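Q: I would like to learn how a sheet, and the residues packed around one of its strands, should be read from a set of coordinates. Please begin with the terms required.

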Amino acid sequence: MAVDVRVKRIYDDPDPRDGYRILIDHVWPRGVSRERARLDDWARELAPSDELRRWFAHDPARFEEFRARYGGELVGQRDRLLELARRARRGPVTIVYAARDQQHNNAVVLADLVRDAVRDEADDGSVSGSCGS
């Protein structure tokens, strides 16, 4: 089954083809109005902890370790990830973030976890260890 999970900076213009737009940062991005953001949801609970975010400091050399630690933090969000996975099976889901680095950020990790959840649910009806359960 085709799954459309995207990542996009909040500073990029929204597009109707983005589908369901969800922001996953703890704080609202500077300089962006809620009208301009055109979000369907703001999931602060899916953002990395402040401690993890400070440790990572957007250092690409720490990204793989960040990926592992962030995945560990999301263990308690299994239902939320599954909800996004189901939504992504029905249409586009765009995970919105504010970081400058487009390859090494929490949205990239979360998008992978949502894609894994879609595959896992298709396999056995549940979300498996790919998101920590």
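A: Helices (H or I, at least four residues) and strands (E, at least two) are DSSP runs, numbered from the N terminus. Two strands pair if DSSP finds at least two bridges between them. The model is predicted: local features need pLDDT of at least 70, side-chain atom pairs count only at pLDDT 80 or more, and totals for chains, interfaces and linings use all residues. Residues are numbered from 1 along each chain as its sequence is written, and side-chain values use heavy atoms, with hydrogens and water left out.

Q: Which elements does the protein chain have, and in what pattern?
A: The protein chain has 5 helices and 4 strands. Along the sequence, the pattern reads β-β-α-β-α-α-α-β-α.

Q: In what order do the strands form the sheet?
A: Strands of a sheet pair through backbone hydrogen bonds, either parallel or antiparallel. Here the 4 strands form an open sheet in the order β1-β4-β2-β3, with parallel pairing. Because β1 (5-9) and β3 (41-42) each have a single partner strand, they stand at the edges, and one side of each is left without a neighbour in the sheet.

Q: How many bridges join β2 to β4, and how many join β2 to β3?
A: Strand β2 (residues 20-23) pairs with β4 (residues 93-97) over 4 bridges, whereas 2 bridges join β2 to β3. Leu-23 stands opposite Val-96 in β4 and opposite Trp-42 in β3.

Q: Which way do the side chains of β2 point?
A: In a regular strand the side chains alternate between the two faces of the sheet. In β2, Tyr-20 and Ile-22 point one way, Arg-21 and Leu-23 the other way, and all are buried. Buried means under 20% relative accessible area, exposed over 50%, and partly exposed in between (1.4 Å probe, protein chains only). Of the 133 residues in the protein chain, buried residues make up 43%.

Q: Where is Ile-24 found, and is this residue buried or exposed?
A: Ile-24 is found in the loop between β2 and α1 (34-37). Its relative accessible area is 0%, so Ile-24 is buried.

Q: Which residues are in contact with Ile-24, leaving aside its neighbours within four places in sequence?
A: Contact means heavy atoms within 4.5 Å. With those neighbours left aside, the contacts of Ile-24 include Ala-43, Tyr-70, Val-96 and Leu-110. The C-alpha atoms of Ile-24 and Leu-110 are separated by 8.9 Å, although the two residues are 86 residues apart along the chain.
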